[in-house]
Amino acid sequence: MLLHLGNDYAVNSKSIVGIFDIENSSVSRDTRDFLNAAAKSDRVVSCSYEMPKSFILCDNGRVYISQLSCATLLKRFNR
């Protein structure tokens with residue numbers, strides 16, 4: 001099943017490692033360092049130009065930044 005992340009982006013739900021609230025999780029220095037390293041190695045995909053609310057980590061190492069909240073994504077995931 002595909003999970004729609006916004007703006008024509010979708011990922012296979014089986015490849016999702018985690019869905020994280022970007023505001024709460026980016027408080028941690030480890031998370032900020034991880035996101036910066038992912039961005040430097042071109043593994044970050046921005047799904048929108050709006051304010052990001054969540055990021056989705058996939059088993060292929062890609063990180064998707066989405067304007068959708070974790071709650072919205074989890075509702076879509078559980079359908």
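## An exposed loop residue

Asp-42 counts as exposed, at 62% relative accessibility; the cut-offs are under 20% relative accessible area for buried, over 50% for exposed, and partly exposed in between, with a 1.4 Å probe and protein chains only. Asp-42 is found in the loop between helix H2 (29-40) and strand S4 (44-46), and its phi is positive, about 55°, although the residue is not a glycine. Helices (H or I, at least four residues) and strands (E, at least two) are DSSP runs numbered from the N terminus.

This is a predicted model, in which local features need pLDDT of at least 70 and side-chain atom pairs count only at pLDDT 80 or more, while totals for chains, interfaces and linings use all residues. Residues are numbered from 1 along each chain as its sequence is written, and side-chain values use heavy atoms, with hydrogens and water left out.

Asn-7 lies in the loop between strand S1 (2-6) and strand S2 (9-12). With a relative accessibility of 43%, Asn-7 is partly exposed.

## Overall architecture

Three helices and six strands make up the elements of the protein, in the order β-β-β-α-α-β-β-β-α from the N terminus. The radius of gyration is 12 Å, close to the 12 Å that the globule rule gives for 79 residues, so the protein is as compact as a globular protein of that length. The radius is taken over C-alpha atoms, and the rule is 2.2 Å times the number of residues to the power 0.38. The C-alpha trace spans about 35 × 25 × 20 Å along its principal axes.

Of the 79 residues, 38% are buried. Among contacts (heavy atoms within 4.5 Å) between residues at least 6 apart in sequence, 50% join residues at least 24 apart.

## The aromatic pair

A search of the whole structure finds one aromatic pair. Phe-20 and Phe-55 are stacked, at 5.1 Å centre to centre and 25° between the planes. Rings of Phe, Tyr and Trp (its six-membered ring) pair if their centres lie within 6.5 Å; planes under 30 degrees apart count as stacked, over 60 as edge-to-face and the rest as tilted.

Phe-20 lies in strand S3 (residues 16-21) and Phe-55 in strand S5 (residues 54-58), so the pair ties together parts that are 35 residues apart in sequence. Phe-55 is buried at 4% relative accessibility, whereas Phe-20 is partly exposed, with a relative accessible area of 32%.
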